[in-house]
Amino acid sequence: MKHGNVALFVPHVGCPCRCSFCDQRAITGGGEAPTPDQVWEAAKTAAAHLGERTAQTEIAFFGGSFTAIPREYMLSLLEPAKEAVERWGFHGVRCSTRPDAVEEPVLSLLKEHHATAVELGAQSMDEEVLRKNRRGHTAEDTRRAARLIKEAGLELGLQMMTGLYGSTPERDLETARQLIALGPATARIYPTVVLEGTELARLYREGVYRPQTLEEAVELCGELLPLFEGAGVRVIRVGLHAQEDVQRRQVAGPYHPALGELAQSRAFLKGLLPRLEREGPGAYQVKVNPRSLSVAAGQKRANVEFLAARGFAVRFVPEDQVPRGGFALSRTEIK
Ligand code: SF4
């Protein structure tokens, strides 16, 4: 079932290091850590708006390293969240954290406060990439944390980045394979964006680091999406959220407010093109789920034009019976 979030951002306070790419202020859209009252008020407001949908909504602590923040503060945020779950029937509580900040006792505490899911900021499974980007943890930390989360009966989410300093598309693909092997329920993919005030901004200006272009990021995410989804992992986010702060503080890199849709369109094209190539040039009717129509055609009909330039005149037609992301192909007469 698809869940929504009451998202609360806990910036930086739990971080033992400063990762090369991180400017939590820009990413979370604000520098202030929430107070327990703010957690309660956010949940109350959301419950009033959501009505029955409250049962499909989680109270989510994102942004920093939730399980690494001072324990007292962490509990002070969890208490109102727990009470809100009990009073208004939220689905539960989720949080994102660092792989080296996950231990059995903290997972027990989370569960006592109705936690349902923990997301790990794995970012890469390549030791050199982790080191170069000052993550301060290893791939083994991620494997261990993932195992503990699953053993605790919590839903596992994994987050990865592409185009980090020292990475390559092959290394990113290998990271995805290793993450999939950990059996997550969900994944988020974040192509690296260079933000002002970060180590990466300095490396970029010195000409040491070259971020991905938008096209490179879309192409790679177009490969990663089917990899995760084919393994039954739900990809719940591609690219940073559209935040004014991110746009203002972006120095370089593949930021795009609709990166997820661009990646889905590319993934669709990568599935369709080999089929068309087997059939040969000509005119085709391609039935897709009505909700996949714009993804199939691509932004500004990019996929349609790409295919036309290769001799495939494709017309996308909505068909309820076709599952989302799939297609049914038939030749038609050229009119
Ligand atoms: S652990 Fe997360 S929040 Fe902390 S500095 Fe690194 S990326 Fe930023």
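## Pairing of β10 with its neighbours

Strand β10 (residues 282–288) runs parallel to strand β11 (residues 312–318), and 7 bridges join the two; strands are DSSP runs of E with at least two residues, helices are runs of H or I with at least four, and both are numbered from the N terminus. Two strands count as paired if DSSP finds at least two bridges between them. The structure is a predicted model, in which local features need pLDDT of at least 70, side-chain atom pairs count only at pLDDT 80 or more, and totals for chains, interfaces and linings use all residues. Residues are numbered from 1 along each chain as its sequence is written.

The strands form an open sheet of 3 strands with mixed pairing, in the order β11-β10-β12. β11 and β12 are the edge strands, each pairing on one side only. From one strand to the next the twist averages 25 degrees.

## Packing of α7 and α9

Helix α7 (residues 169–181) packs with helix α9 (residues 214–230) at an angle of about 15 degrees, their axes being 10 Å apart. Axes are lines fitted to C-alpha atoms, for helices over the stretch in contact, and angles run from 0 to 180 degrees between N-to-C directions. The two helices are therefore roughly parallel, a term for angles under 35 degrees. α7 passes α9 in a right-handed crossing, meaning that the near helix is turned clockwise from the far one by less than a right angle.

P169, D172, L173, A176 and I180 of α7 make the contact with L220, E223, L224, L227 and F228 of α9; residues are in contact if their C-beta atoms, placed from the backbone, lie within 7 Å. By class, this contact has 8 nonpolar residues, 2 charged residues and no polar ones. Ala, Val, Leu, Ile, Met, Phe, Trp, Tyr, Cys and Pro count as nonpolar, Asp, Glu, Lys and Arg as charged, and the others, Gly among them, as polar.

L225 lies in helix α9. L225 is buried, because 24 other C-beta atoms lie within 10 Å (the cut-off for buried is 20 or more). Leaving aside neighbours within four places in sequence, L225 is in contact with V235, A263, Q264 and A267. The C-alpha atoms of L225 and G260 are separated by 9.6 Å, and these residues are 35 residues apart along the chain.

Notes:
Parallel < 35°, antiparallel > 145°, perpendicular 65-115°, else oblique. Contact = placed C-beta atoms within 7 Å. Buried ≥ 20, exposed ≤ 12 C-beta atoms within 10 Å, placed from the backbone.
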